[in-house]
Amino acid sequence: MANANYQRGVRFERDIISKTKSEGYETLRTAGSHGFADVIAINEKLVRLIQGKVTKDAKPRINAYKADIAKILAIKCPPNVTRELWIKLDRQKPYKVLVL
């Protein structure tokens with residue numbers, strides 16, 4: 001089961017990369033990381049630290065992601081950095097983006 005969860009996460013991270021690249025960002029996927037961001041997207045004005053989560057819960061609650069939110073908010077960043085949590089309901093589109 002962990003492998004299936006990992007594969008869902010990887011697919012979503014690739015979706016995030018595709019979306020941010022289409023918006024003109026250079027991207028870096030922090031593969032296999034358990035750090036503060038799954039994807040880092042950069043352009044000439046902005047750096048985006050993005051944590052992606054895939055859920056089967058039809059109405060995901062933000063409280064379910066407290067630890068992830070705390071981890072990304074703990075990073076000291078300059079003003080041109082956004083910290084984002086992207087939540088996707090498994091096998092469905094669209095996804096929800098929260099700028100923290």
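Biologist: What radius of gyration would a compact globule with 100 residues have, and what does the chain have?

Modeller: Keep in mind that this is a predicted model. For 100 residues, a compact globule would have a radius of gyration near 13 Å, and the chain has 13 Å, so the two agree. The C-alpha atoms fill a box of roughly 40 × 25 × 25 Å along the principal axes.

Biologist: Happy with that! Which elements does the chain hold, and how do they run?

Modeller: Two helices and five strands, in the run α-β-β-β-α-β-β from the N terminus on.

Biologist: Why are strand E1 and strand E5 called edge strands?

Modeller: The five strands form an open sheet in the order E1-E2-E3-E4-E5, with mixed pairing. Strand E1 (26-29) and strand E5 (95-99) each pair on one side only, and they are the edge strands. From one strand to the next, the twist averages 25°.

Biologist: What makes E3 and E4 a pair?

Modeller: Two strands pair if DSSP finds at least two bridges between them. Strand E3 (residues 47-55) and strand E4 (residues 81-89) have nine bridges, in the parallel sense, so they count as a pair. Within this pairing, Ile 50 stands opposite Glu 84 in E4.

Biologist: And what makes a residue count as buried?

Modeller: Buried means under 20% relative accessible area. By that cut-off, buried residues make up 32% of the 100 residues in the chain. As for the surface, the chain exposes about 6500 Å², with carbon and sulfur atoms supplying 55% of it.

Technical notes. Residues numbered from 1 in each chain as written. Predicted model: local features only at pLDDT ≥ 70, side-chain atom pairs only at ≥ 80, totals over all residues. Heavy atoms only, no water. Helix = DSSP H or I, 4+ residues; strand = E, 2+ residues; numbered from the N terminus. Axes fitted to C-alpha atoms, helices over the stretch in contact; angles between N-to-C directions. Rg over C-alpha atoms; globule rule 2.2 N^0.38 Å. Buried < 20%, exposed > 50% of the residue type's maximum accessible area, 1.4 Å probe, protein only. Areas by Shrake-Rupley, 256 points an atom, 1.4 Å probe, with all protein chains shown as cover.
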